[in-house]
Amino acid sequence: MDRSRRRALICGWLALAISTVIAGLWAFWGTIECFHEGWWAATLGGRLLQALAYHTILLVSLAMLALAIRWPKVGAVVYFLLGLAFSWLIFSARWPDISLEAFLSWLPVTGLVVGVGFLWWFGRLSPLKLAYLLGIGLPLLVSLGSSVEPIWRIAHRSDDGVRTARLVAGNGVSLVWAPAGPGWVRDAEHSCSWAKARDRCAHLSENGTKLMDEPQYIWRLPTIDEAVRSLTRGGQNAGGGWDAEAQRASYSVRPDKESPLWDSYSETIYWWTASEVDDERAWRIVYNGSTWALPKDLGMGSQGFRAVRDVGEGNRE
């Protein structure tokens with residue numbers, strides 16, 4: 001084998017390896033996020049469409065890989081142009097306030113795609129069947145492997161379909177959680193900031209079904225400690241505890257998106273809590289028990305809240 005052919009094969013297989021890793025990362029991300037944020041539609045068809053949406057980047061990556069394997073120079077142009085476009089989107093959104101540290105942190109990601117384009121331009125692959133098998137097969141295996149645990153977990157979720165006010169007691173906490181309505185945000189349309197969530201809780205009527213003109217101060221946001229200790233898995237308390245000093249939650253078993261606290265058919269997966277980190281941030285909790293300190297003015301489609309009241313306040317359950 002002459003030197004130029006050897007160099008072309010090295011470039012080609014290196015381009016394939018990097019492209020496969022990129023596709024594999026998107027396979028992992030798409031699958032995990034599909035079952036974390038998505039997969040909440042009421043029908044199977046709706047859930048499959050959500051899964052398709054979360055795997056769009058993976059499908060594009062696989063199509064680009066197949067194109068580059070078959071026609072390396074055409075694939076090189078596609079990778080190169082996509083890398084430039086991606087770089088422009090990342091840096092233009094931050095310009096002119098982007099710091100040198102942020103620029104250098106993004107450069108390996110944005111520059112990697114451009115670099116792969118150069119490798120495809122000078123590279124060649126042989127045998128092609130093995131290249132297709134590795135480039136397409138490995139990311140699909142990553143996606144399949146990443147889906148095993150969430151599919152099993154979702155199939156065993158406990159959801160009784162009751163969306164009324166619920167008394168949830170155990171693990172040292174006894175609270176009434178608001179019914180579906182203004183005190184339990186379950187859709188993107190009513191997503192709100194931390195301050196607005198607190199205000200809505202204060203204005204909730206005694207039964208939690210409507211907002212009053214004047215503050216009632218019957219309902220409130222749960223504290224991070226209360227939220228952590230109330231989460232469940234399989235219909236049982238998850239044994240959560242909040243370490244205030246370490247600012248970390250721990251559980252006997254990982255919680256899940258299930259009743260009586262969560263609506264598994266809702267897009268909301270994050271709740272605000274009453275606990276503040278500082279003047280700018282407050283704690284939010286995820287259905288799986290993760291906790292995050294986020295800006296209080298943050299509003300996003302999957303961010304909601306559910307009000308609580310102490311047992312004995314308002315109507316008894």
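**Note on helix packing and selected buried residues**

1. The crossing of helices H1 and H3 is left-handed. The model is a predicted one. H1 covers residues 3-36 and H3 covers residues 56-70, and the two pack with axes 8 Å apart at an angle of about 165°. Because an angle over 145 degrees counts as roughly antiparallel, H1 is described as roughly antiparallel to H3.

2. Which residues of H1 and H3 make the contact? On the H1 side they are Leu16, Ser19, Thr20, Ala23, Trp26 and Ala27. H3 contributes Ile57, Leu58, Ser61, Leu62, Leu65 and Ile69. Sorted by class, the contact of H1 with H3 holds nine nonpolar and three polar residues, with no charged ones. As background to the spacing, residues three or four places apart in an α-helix point the same way, because the helix has 3.6 residues a turn.

3. H1 also packs with helix H6, residues 128-155; their axes come within 9 Å and cross at roughly 20°. Since angles under 35 degrees count as roughly parallel, H1 is roughly parallel to H6. The crossing of H1 and H6 is right-handed, whereas that of H1 and H3 is left-handed. In the contact of H1 with H6 there are 16 nonpolar residues, seven polar and no charged.

4. Gly75 belongs to helix H4, which spans residues 72-94. Is Gly75 buried or exposed? Its relative accessibility is 0%, so Gly75 counts as buried. Setting aside residues up to four places away in sequence, Gly75 touches Leu67 and Ala68. For a sense of distance, Asn171 is 96 residues from Gly75 along the chain, and their C-alpha atoms are separated by 57 Å.

5. In helix H7, residues 194-203, the buried residues are Trp194, Ala197, Arg200, Cys201, Ala202 and His203.

6. Ser230 is in helix H8, residues 224-230. With a relative accessible area of 2%, Ser230 is buried. Where does a polar atom of the Ser230 side chain lie 2.7 Å from a backbone oxygen? The backbone oxygen is that of Glu226. Apart from its neighbours within four places in sequence, Ser230 is in contact with Val168, Val173, Trp177, Asn237 and Leu261.

Methods:
Residues numbered from 1 in each chain as written. Predicted model: local features only at pLDDT ≥ 70, side-chain atom pairs only at ≥ 80, totals over all residues. Heavy atoms only, no water. Axes fitted to C-alpha atoms, helices over the stretch in contact; angles between N-to-C directions. Helix = DSSP H or I, 4+ residues; strand = E, 2+ residues; numbered from the N terminus. Parallel < 35°, antiparallel > 145°, perpendicular 65-115°, else oblique. Left-handed = near helix turned anticlockwise from the far one by under 90°. Contact = heavy atoms within 4.5 Å. Nonpolar A, V, L, I, M, F, W, Y, C, P; charged D, E, K, R; others polar. Buried < 20%, exposed > 50% of the residue type's maximum accessible area, 1.4 Å probe, protein only. Polar contact = N/O pair within 3.5 Å; in protein donor to acceptor, adjacent residues only side chain to side chain.
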